[in-house]
Amino acid sequence: MESRANLPSRNFGPFVGEPTYNTSAIFNYMNRNKRSCTLNLKTAEGLELVKRLISIADVVQENFSPGTMDRLGLGYETLRTIKPNIINIPSPSKNDWTLWK
């Protein structure tokens, strides 16, 4: 899942036709055959949908700032209650050196 607001590569040319949503040749090349969706994790509906996706996923990879997943109610312990063998790969956009402790 990705934020619609945070995909700058969608705006990189060259474009296929008019430069509109999802016409960036670079974005489409880098994301070929990738399935994606956008969810608002600050809503009850968005949280319920992401929990359903986690229940059938093998891996959760996220790049929020440290602590964001916990604040959203999606910290590692919560992920494990949804799916006990889930693999969580945090790659925060800001360094969180506590991961190495």
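Tutor: Helices (H or I, at least four residues) and strands (E, at least two) are DSSP runs, numbered from the N terminus. The model is predicted, so local features need pLDDT of at least 70 and side-chain atom pairs pLDDT 80 or more, while totals for chains, interfaces and linings use all residues. Residues are numbered from 1 along each chain as its sequence is written, and side-chain values use heavy atoms, without hydrogens and water.

Student: Is F12 buried, exposed or partly exposed?

Tutor: F12 sits in the segment before helix 1 (25–30). Buried means under 20% relative accessible area and exposed over 50%, with a 1.4 Å probe and protein chains only. Because F12 has a relative accessible area of 42%, the class is partly exposed.

Student: Which residue pairs with D58 in a salt bridge?

Tutor: A salt bridge needs a side-chain nitrogen of Lys or Arg within 4 Å of a carboxyl oxygen of Asp or Glu. D58 has a partner at 3.7 Å, N to O. The partner lies in the loop between helix 4 (76–82) and strand 2, and D58 in the loop between helix 2 (44–56) and strand 1 (59–62). The residue is K83.

Student: Is K83 buried or exposed?

Tutor: D58 is exposed, at 57% relative accessible area. K83 has 16% relative accessibility, so K83 counts as buried.

Student: How far apart in space are P90 and M69, C-alpha to C-alpha?

Tutor: P90 lies in strand 2 (residues 87–90), and M69 belongs to the largest nonpolar core (buried Ala, Val, Leu, Ile, Met, Phe, Trp, Tyr and Cys residues joined through side-chain atoms within 4.5 Å). P90 and M69 are 21 residues apart in sequence. Their C-alpha separation is 9.5 Å.
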